[in-house]
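Work through the exercises below with the sequence and structure open. Each task is followed by a solution in steps.

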Amino acid sequence: MTATTKTELAMIAERLDALTAQVARLAERPRQDDLYDELAPVLRVVMGSAIGRLDALERDGTLAFVRELGGVGQKVLANFSAADVRQLGDAVVTILETVRTLTQPDVMRVAADAGDAIQHADTAKPMGLFGMMRATKDDDVQRGMAVMMEVLRRIGHGVNAMAAKQQHADDKKAKLAEILGPKRQRKVLGTERAAPPKALPAAPVVKAAPPAPACAVPSKPGQVAAVIDGVAFTADGNLVDAAAWTRGLAAALADAERVALTDAHWAVLEAARADFAATGSSPNIRRLTQVAGVSTKDLYVLFPRAPGRTIAKIAGLPKPAGCL
Amino acid sequence: MTANRKVAIICSKAGLDECYPALILANAARQSGIDAFVFFTFWGLDVITEEKVDHLHVNLAGNPASGMPTMLAGLPGMESLAGRMMRKQMTELSLPTVREMLQVLEEAGAELYGCELAMQMFKRKKEELVPQVKDVITAGDFYDLADGAQIIFT
């Protein structure tokens with residue numbers, strides 16, 4: 001409405017008030033015939049003014065607007081059922097609240113500013129992953145991100161609540177169907193979520209394998225694989241019982257391993273046997289270098305082929321364990 | 001007894017944890033009477049480089065078994081810290097250091113070779129390698145040596 005319209009309306013209201021006052025005064029008068037005489041000029045002024053007003057409204061299109069509004073009402077009636085309107089009525093408070101929130105001056109200003117950015121979108125440069133990371137350094141962007149996250153969180157919260165409600169309703173329906181029997185059950189078309197797969201039966205517990213031997217493991221007595229001349233040997237060719245060892249046996253074993261025993265060899269064999277007696281472990285090469293005081297190189301010279309194993313065999317000890 | 005079983009081991013990485021398997025396998029081969037030689041190529045060259053061999057690191061990043069989140073494992077200094085910790089633990093278990101392993105391998109008769117192309121790439125001279133290295137050879141030489149050998153790549 002224009003300012004002039006407003007002042008004119010105010011003027012009309014003022015005159016109507018004055019008229020009411022005059023009518024009240026006239027009513028108190030005893031002579032009725034005087035009433036018309038008194039009233040006529042007043043009514044003339046009022047009617048003239050009112051007609052002038054309507055004419056003015058017609059001229060500036062206000063009446064046309066009101067007519068159109070009626071048309072809109074018709075369209076609404078055509079497209080919405082009574083139930084829809086009732087629902088709308090129930091939700092009207094929420095709708096008004098939403099509208100009020102959205103139309104707060106601050107919110108409108110933010111929205112207008114964001115809209116401005118979209119309007120000038122053609123000048124924005126394309127941005128990659130790193131550009132995005134750089135952009136997140138901006139305080140405003142950070143704040144915006146926080147707001148977006150909060151909006152997302154609330155949307156998610158609402159959707160979850162909706163889903164829970166739906167689930168609750170479905171559960172009720174299912175229970176009802178169960179009670180009423182299969183006849184009442186309707187075929188469900190594929191909009192429902194698939195049922196989660198049933199939990200698999202627990203896998204049989206596999207017995208853990210014994211731990212692999214680490215470096216320097218105590219030697220275990222071997223299984224008897226063969227008995228030669230009353231002496232028991234394992235499948236690898238080591239003595240089953242270290243106590244059955246003699247120097248004569250060692251010489252025979254050394255022959256079998258194609259090693260010609262010298263004093264140096266004997267020193268190593270004795271050291272190995274002593275270490276086994278002390279620790280219960282058949283010494284591996286690293287251990288032998290420490291207990292016999294012989295370098296690795298010399299061990300390989302004395303027993304060129306697999307010194308650790310060969311020494312254990314000739315010294316009547318179990319096969320050495322460990323990696324070193 | 002089988003005659004002259006051979007293994008050729010290629011060591012292409014120089015993480016403390018990554019080079020041990022090659023060294024241990026070579027040593028175990030010798031202990032079992034198997035001829036062994038190790039070919040150090042690419043980063044593996046660090047294992048036989050004099051000034052690097054005592055300072056090999058452990059990379060925990062991207063290794064789910066390390067138990068350390070990759071975000072943390074990638075922090076500066078983490079590799080050398082992990083390397084120090086692993087070396088300390090190995091000393092406590094009296095396990096040989098990498099340098100000792102190289103010595104043991106040489107004494108045990110395993111042969112150690114450097115890769116010529118990697119040497120050129122890293123601009124390294126033969127004098128900069130540990131004395132246990134027998135020679136610097138090419139990939140072709142490697143195949144000649146590996147004739148009849150089982151090849152292990154680590």
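**Exercise 1: nonpolar cores**

Find which members of the largest nonpolar core touch the most other members.

Solution. Of its 42 residues, those that touch the most other members are Ile9(B), Cys19(B), Ala26(B), Val38(B) and Phe40(B). A nonpolar core is a set of buried Ala, Val, Leu, Ile, Met, Phe, Trp, Tyr and Cys residues joined through C-beta atoms within 7 Å; buried means that 20 or more other C-beta atoms lie within 10 Å of a residue's own, with C-beta atoms placed from the backbone. Next, α1(B) contributes the most to this core, eight residues. A second, separate core has 20 residues, among them Val259(A) and Ile285(A).

The model is predicted: local features need pLDDT of at least 70, side-chain atom pairs count only at pLDDT 80 or more, and totals for chains, interfaces and linings use all residues. Residues are numbered from 1 along each chain as its sequence is written, while chains are lettered from A and ligands numbered from 1 in the order in which they are written.

**Exercise 2: a helix pair**

Describe how helix α1 (residues 16–31) of chain B and helix α4 (residues 98–108) of chain B are arranged.

Solution. Their axes come within 10 Å and cross at roughly 25 degrees. Angles under 35 degrees count as roughly parallel, and α1(B) and α4(B) are therefore roughly parallel to each other. In the contact (C-beta atoms, placed from the backbone, within 7 Å), α1(B) supplies residues including Leu23(B) and Arg30(B), and α4(B) supplies residues including Met101(B) and Leu105(B).

Note on methods
Axes fitted to C-alpha atoms, helices over the stretch in contact; angles between N-to-C directions. Helix = DSSP H or I, 4+ residues; strand = E, 2+ residues; numbered from the N terminus. Parallel < 35°, antiparallel > 145°, perpendicular 65-115°, else oblique. Contact = placed C-beta atoms within 7 Å. Buried ≥ 20, exposed ≤ 12 C-beta atoms within 10 Å, placed from the backbone.
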